[in-house]
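Welcome to this guided tour. Please open the model in your viewer, keep the selection tool ready, and follow along stop by stop.

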Amino acid sequence: MRVTFLGVRGSTPAPGEEFIRYGGHTSCVAVAHDGESPSLLLDAGTGIRRTSSLMNGEPFRGSILLSHLHRDHVHGLPFCDATDRLDSRVTLFIPDQLDGSDPLEVLSRGMSPPHFPVRAGELRGDWSFVALSASSFEVEGFHVLVEEIPHKGGRTYGFRISDGSSTIVYMPDHCPSALGPGPDDLGEYHQAALSLCEDADVLIHDAQLVREELEAEAYFGHAAAEYVVELARHAEVTQAVLFHHKQSRTDDELDAIARRFSDNPGVIVASQATVLEL
Ligand SMILES: [Zn+2]
Ligand SMILES: [Zn+2]
């Protein structure tokens with residue numbers, strides 16, 4: 001499995017010279033089987049625009065799993081050259097809102113006039129829109145476990161994705177402190193998080209905050225980097241990838257966060273240059 005980080009920023013894009021090394025695109029991760037082009041995209045933040053750089057001129061033919069519908073996770077959808085073309089084929093999985101609403105209609109609430117000129121249903125190519133429940137299923141040759149996790153403002157999923165030999169977990173937006181302080185005041189190591197992460201090779205997780213910011217800023221719905229490291233330890237995950245960096249966090253500040261964990265080789269800070277071969 002190859003995992004390519006196309007956008008690692010949280011909340012809103014962060015252009016500018018202070019953000020060049022880690023990158024300013026919002027959440028999107030491409031997953032490919034060995035030696036193949038990506039067939040699975042995790043979220044559709046502005047990083048999804050970089051998908052075409054992985055496709056050798058070919059259209060994207062695969063699936064997109066949306067963790068939730070916040071703007072930073074769907075903003076790139078109308079701007080992706082690899083998916084918005086006549087010969088693309090895309091199945092877009094959207095968290096089931098549990099109110100009977102049609103998934104395309106749910107997406108269209110934020111992607112239609114007067115909010116946006118192009119309607120979700122007008123994207124070029126062969127698109128289908130699927131309401132995804134918390135379950136496990138097979139897609140594009142991957143086994144995916146879906147669990148609902150706490151976040152602020154809308155149903156949010158974490159995904160555990162396996163190709164039969166390697167397993168990654170994707171939890172870009174997660175507020176474990178919403179369930180209580182937990183044993184170390186970072187939030188609860190709750191059952192959904194543990195069952196997603198157990199013995200995984202890689203955990204890609206919300207690290208919007210650091211411990212000392214948690215009290216003042218947890219109400220935005222995010223986790224601290226220290227929680228990610230501890231969750232990985234509890235669940236015996238090999239590699240913790242700090243992800244969904246705060247929009248104001250400069251390259252130098254992210255370097256400082258990396259230094260906090262420099263004695264732990266199992267922790268890396270995601271950048272737009274990160275590629276993991278599993
Ligand atoms: Zn987000
Ligand atoms: Zn969110």
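## First stop: the largest pocket

By class, the residues lining the largest pocket are nine nonpolar, eight polar and three charged. Here Ala, Val, Leu, Ile, Met, Phe, Trp, Tyr, Cys and Pro count as nonpolar, Asp, Glu, Lys and Arg as charged, and the others, Gly among them, as polar. Before you go on, note that this is a predicted model, in which local features need pLDDT of at least 70 and side-chain atom pairs count only at pLDDT 80 or more, while totals for chains, interfaces and linings use all residues. Residues are numbered from 1 along each chain as its sequence is written, chains are lettered from A and ligands numbered from 1 in the order in which they are written, and side-chain values use heavy atoms, with hydrogens and water left out.

Now select Leu69, Arg71, Val74, Gly110 and Met111, which lie nearest the centre of the pocket among its 20 lining residues. The space in this pocket comes to about 450 Å³. A pocket is an open set of points on a 1 Å grid over the protein atoms alone, where a 1.4 Å probe fits, with protein on both sides within 12 Å along at least five of seven lines; lining residues have an atom within 4 Å of a point. Its volume is the space filled by probe spheres set on the points, which are joined across faces, edges and corners.

Select ligand 1, a zinc ion, and show Asp72, His73, Asp173 and His244, its protein donors at 2.1 to 2.2 Å. Donors are N, O and S atoms within 2.8 Å of the metal (3.2 Å for Na, K and Ca); water is not among the atoms, so sites may look incomplete.

Next, select ligand 2, also a zinc ion, with His68, His70, His151 and Asp173 coordinating it at 2.1 to 2.5 Å. Which residue coordinates both ions? Aspartate 173 does, and the two ions are 3.5 Å apart. Histidine 70 sits in the loop between β4 and β5 and histidine 151 in the loop between β8 (142–148) and β9 (157–162), so this pair ties together parts 81 residues apart in sequence. Strands (E, at least two residues) and helices (H or I, at least four) are DSSP runs, numbered from the N terminus.

Colour by accessibility and compare these two histidines. Histidine 151 is buried, with a relative accessible area of 14%, while histidine 70 counts as partly exposed at 24%. Buried means under 20% relative accessible area, exposed over 50%, and partly exposed in between (1.4 Å probe, protein chains only). Aspartate 72 and aspartate 173 are buried too.

Select residues 225–234, helix α4: eight of its 10 residues are buried, so the helix is largely enclosed by the rest of the structure. Among the buried ones are Tyr227, Val228 and Leu231. Show β10, α2 and β12 (239–243) as well, which are among the elements covering them. Just past the helix, glutamate 236 has a positive phi of about 55 degrees.

## Last stop: valine 8

Finish at valine 8, in the loop between β1 (2–7) and β2 (28–32). Is valine 8 buried or exposed? It is buried, with a relative accessible area of 0%. Residues that valine 8 touches include Tyr22, Phe243 and His244, leaving aside those up to four places away in sequence; contact means heavy atoms within 4.5 Å.
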